[in-house]
Amino acid sequence: MTTLTPDPALQVYGIANCSTVKKARQWLTDQGQDYQFHDFKKAAPQAADITRWQQAVGWEKLLNRQGQTWRKLDAATQASITDAASAAAFLQQQPSAIKRPVVQWPSGTITIGFNAEDWQQLLTHAG
């Protein structure tokens with residue numbers, strides 16, 4: 001069994017060529033903020049990561065229903081994702097359907113998407 005303790009470093013998860021991820025990474029760089037980037041295209045997130053993110057923000061928020069990956073699915077596959085367990089299994093197989101970026105802040109807080117005002121508050125309260 002693994003203990004889920006907050007990683008002291010800022011962790012950013014996403015896809016390098018995603019426009020929102022690019023904006024978020026640039027914003028962190030502009031703030032002089034160090035972070036570790038995890039590219040879903042190079043290494044899919046672990047099941048434990050997806051579970052932790054779902055517990056923090058809810059499976060509905062983690063699943064990107066506006067993205068190309070979701071829109072390309074057939075209706076039956078879309079309809080089969082009805083709860084945290086089915087969403088977790090799907091996201092493990094299709095990490096491109098995770099709303100991005102997923103950020104784990106040094107405090108252990110997890111956020112989805114990019115909002116400069118919210119992120120500024122998290123950075124201010126972290127220091």
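A residue is called buried under 20% relative accessible area, exposed over 50% and partly exposed in between, with a 1.4 Å probe and protein chains only. By this criterion, buried residues make up 39% of the 127 residues in the protein. The model is predicted: local features need pLDDT of at least 70, side-chain atom pairs count only at pLDDT 80 or more, and totals for chains, interfaces and linings use all residues. Residues are numbered from 1 along each chain as its sequence is written, and side-chain values use heavy atoms, with hydrogens and water left out.

The protein contains 7 helices and 4 strands, where helices (H or I, at least four residues) and strands (E, at least two) are DSSP runs numbered from the N terminus. Their order along the sequence is β-α-β-α-α-α-α-α-β-β-α. The radius of gyration of the protein, taken over C-alpha atoms, is 15 Å, close to the 14 Å of the globule rule for 127 residues, so the protein is as compact as a globular protein of that length. That rule is 2.2 Å times the number of residues to the power 0.38. Of the contacts (heavy atoms within 4.5 Å) with a separation of 6 or more, 63% join residues 24 or more positions apart.

Strand 1 (residues 11-14) is covered on both faces. In a regular strand the side chains alternate between the two faces of the sheet. Here Q11 and Y13 lie on one side and V12 and G14 on the other, and all are buried. Strand 1 pairs with strand 2 (residues 36-39) in the parallel sense over 4 bridges; pairing requires that DSSP finds at least two bridges between two strands. The bridge partner of G14 in strand 2 is D39.
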